[in-house]
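The sequence and structure are shown first.

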Amino acid sequence: MITVALPKGRIADETLELFNKVFKQDFVFKDRKLVLEHMGFKFLLVRNQDVPTYVHYQAADIGVVGLDVLEEHESDLIRLLDLGIGKCKVVLGSAIGKDIDYRKPRVKIATKMPHITMKYFSKKAIAIDVIKLYGSIELAPLVDLSDGIVDIVETGATMKQNNLKIDEIIMDSSAYLIANKNSFYNKKQAILDLQSEFQSLVG
Ligand code: PRP
């Protein structure tokens with residue numbers, strides 16, 4: 001049995017679609033169920049940011065998660081394959097007409113990704129205060145909670161409609177197939193088989 005942690009939403013649906021294609025079977029969660037067992041796999045539906053935790057503690061052998069979440073989580077997991085789905089960018093942004101003033105002694109950056117943010121600014125040797133938020137990050141500079149934001153951009157619509165601009169792209173992200181190190185060692189053949197099946201589907 002291989003346990004697979006999937007992030008609720010579109011990435012889970014697209015990943016199950018890959019399983020459908022590989023095994024020519026329907027892998028579908030029933031209603032509000034969070035666990036699905038089928039064809040020797042046990043799928044778990046978890047919050048996006050929780051996928052690395054499930055895989056790290058081996059509650060799941062493998063998982064699918066955005067590179068942005070992996071970078072933020074900083075845990076030691078095996079990256080097996082870029083699935084090319086869930087594409088987005090992590091960007092530094094600020095209000096249009098109000099650039100971030102780096103002469104200030106402390107620049108305030110709102111984000112739900114404090115690690116990526118700290119790493120980015122420490123490389124530039126800029127001292128910042130990270131203001132940790134859990135969502136609606138784009139609001140922070142509009143009400144002077146912060147000077148800028150580090151956030152995910154997918155279509156760009158949220159930033160645009162809230163009069164924000166992209167100052168810099170910090171990283172490109174897409175969903176990766178990941179594995180726990182012990183699971184990879186113990187279930188190597190099955191995991192490698194799955195990786196190569198997926199590889200041929202996603203190119
Ligand atoms: C993300 C991100 C932006 C939005 C960007 O939030 O934090 O707010 O999507 O998408 P866009 O460029 O297509 O407008 P998400 O919807 O994941 O919700 P969250 O803030 O609850 O994490």
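The model is predicted: local features need pLDDT of at least 70 and side-chain atom pairs pLDDT 80 or more, while totals for chains, interfaces and linings use all residues. Residues are numbered from 1 along each chain as its sequence is written, and side-chain values use heavy atoms, with hydrogens and water left out.

Asp 151 places a polar side-chain atom 2.9 Å from a ligand oxygen atom, and for Glu 138 the corresponding distance is 2.7 Å. Gly 156 contributes through its backbone, a polar atom of which is 2.7 Å from an oxygen atom of the ligand. Of the 500 Å² of accessible area that the ligand has on its own (Shrake-Rupley method, 1.4 Å probe), the protein covers 65%.

## The surrounding shell

The residues around the ligand (a heavy atom within 4 Å) include Lys 112, Ser 136, Ile 152 and Thr 158. By class, the shell has four charged residues (Asp, Glu, Lys and Arg), three nonpolar (Ala, Val, Leu, Ile, Met, Phe, Trp, Tyr, Cys and Pro) and five polar (the others, Gly among them).

Helices (H or I, at least four residues) and strands (E, at least two) are DSSP runs, numbered from the N terminus. Strand E9 (148-153) and helix H5 (157-161) each supply at least two shell residues, and the largest share, three residues, comes from E9.

## The largest pocket

The ligand sits in the largest pocket, in that more than half of its atoms lie within 2 Å of the grid points. On a 1 Å grid over the protein atoms alone, a pocket is an open set of points where a 1.4 Å probe fits, with protein on both sides within 12 Å along at least five of seven lines; lining residues have an atom within 4 Å of a point.

The lining comprises 34 residues, with Asn 48, Gln 49, Asp 68, Lys 112 and Ile 152 nearest the centre. Helix H3 (67-73) gives the largest share of this lining, four residues.

Definitions and conventions: Polar contact = N/O pair within 3.5 Å; in protein donor to acceptor, adjacent residues only side chain to side chain.
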